[in-house]
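Subject: Structure handover

Hello,

Here is the structure I promised to pass on. My notes come after it.

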Amino acid sequence: MDHRQHWDAVYRRRGAHDLSWFQPQAETSLRLIQGTGVAAREPLIDVGGGASTLVDGLLRAGHSQLTVLDLSAEALAVTRARLGAAAAGVRWVVADVTQAALPPAGFALWHDRAVFHFLTAAEDRARYRQAVRDAVRPGGHVVIATFAEDGPPACSDLPVMRYDSRALCAELGPGFTLRHSERQVHTTPTGAAQNFTWCVLQRSADAPVTGPGTDPSASRQAPSR
Ligand SMILES: C[S@@+](CC[C@H](N)C(=O)[O-])C[C@H]1O[C@@H](n2cnc3c(N)ncnc32)[C@H](O)[C@@H]1O
């Protein structure tokens, strides 16, 4: 079974409320996203958004340019059904984040809760890193959460990587500045405690715009005086 089939089966087998990562409100995400100062009209992407209610909260807060990406079409179907008519105002992308064709510098904010930690192969993490660099506009933000260094070693029958804020920041590489980090204890629907690391990073304002169809050498040269 490949990863897509795995995740589709997970969402077919269990209701969203029974998944270990379920939270009724995406409170930490919403607070950290608002803390970046991103405007409601700016484009945001939730990668591996699954059945999360983050998109509901962002729509309620007035955000109008939302993209939710997930490997699992089943997961996105759950979220779309829950949102009803409001789903029409969101862009839905079924794709692997490490292979998705995203618009260069297309997003002011990239959100990822509990997705990056599933990338256990170095080459997948390198592709993710490139995807963030290409998709987040200069000066934009990344809000990312993974299992903490003392969090669970696996989730949904898959092994995960675990990070403290320093290691997570290092994974995204140069070009990002850590603006904030915190630890959070998530309580699963069965009452288990899971330690998470959250980081808010900002892409350098003078970072080159990269990605398909761009010319990094031409796009961000300092103006001559
Ligand atoms: C633990 S769940 C978290 C879901 C959501 N972010 C939340 O906080 O409720 C992980 C999600 O990542 C998705 N996923 C896993 N690997 C992925 C990949 N390579 N690309 C895109 N989505 C992926 C899964 O389908 C699943 O919805």
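The notes below cover the sheet, the helices packed on it and the salt bridges.

Please keep in mind that this is a predicted model.

Seven strands make up an open sheet with mixed pairing, in the order 3-2-1-4-5-9-8. Strand 3 (90-94) and strand 8 (176-187) are the edge strands; each has a single partner strand, so one side of each has no neighbour in the sheet. From one strand to the next, the twist averages 15°. Strand 4 (residues 107-113) and strand 5 (residues 136-147) run parallel and are joined by six bridges. Leu 109 has His 141 in strand 5 as its bridge partner.

Helices. Helix 4 (residues 73-83) lies across strand 2 (66-70) and strand 3, at about 160° to strand 3. Helix 6 (residues 165-172) lies across strand 5, strand 8 and strand 9 (193-203), at about 45° to strand 9.

Salt bridges. The whole structure contains eight. Three of interest here:

- Arg 127 with Asp 124, closest N and O atoms 2.7 Å apart. Both lie in helix 5 (residues 122-135), three residues apart, about one turn of the helix.
- Arg 129 with Glu 171, closest N and O atoms 3.4 Å apart. This pair links helix 5 to helix 6 across 42 residues. Arg 129 is partly exposed at 22% relative accessible area, whereas Glu 171 is buried at 16%.
- Glu 149 with Arg 183, closest N and O atoms 3.5 Å apart. Glu 149 is in the loop between strand 5 and strand 6 (154-155), and Arg 183 is in strand 8, 34 residues apart.

Through shared partners, salt bridges also join Arg 125, Arg 129 and Glu 171 into one network.

Regards

Terms used. Residues are numbered from 1 along each chain as its sequence is written. This is a predicted model: local features need pLDDT of at least 70, side-chain atom pairs count only at pLDDT 80 or more; totals for chains, interfaces and linings use all residues. Side-chain values use heavy atoms; hydrogens and water are left out. Two strands pair if DSSP finds at least two bridges between them. Helices (H or I, at least four residues) and strands (E, at least two) are DSSP runs, numbered from the N terminus. Axes are lines fitted to C-alpha atoms, for helices over the stretch in contact, and angles run from 0 to 180 degrees between N-to-C directions. Contact means heavy atoms within 4.5 Å. A salt bridge is a side-chain nitrogen of Lys or Arg within 4 Å of a carboxyl oxygen of Asp or Glu. Buried means under 20% relative accessible area, exposed over 50%, partly exposed in between (1.4 Å probe, protein chains only).
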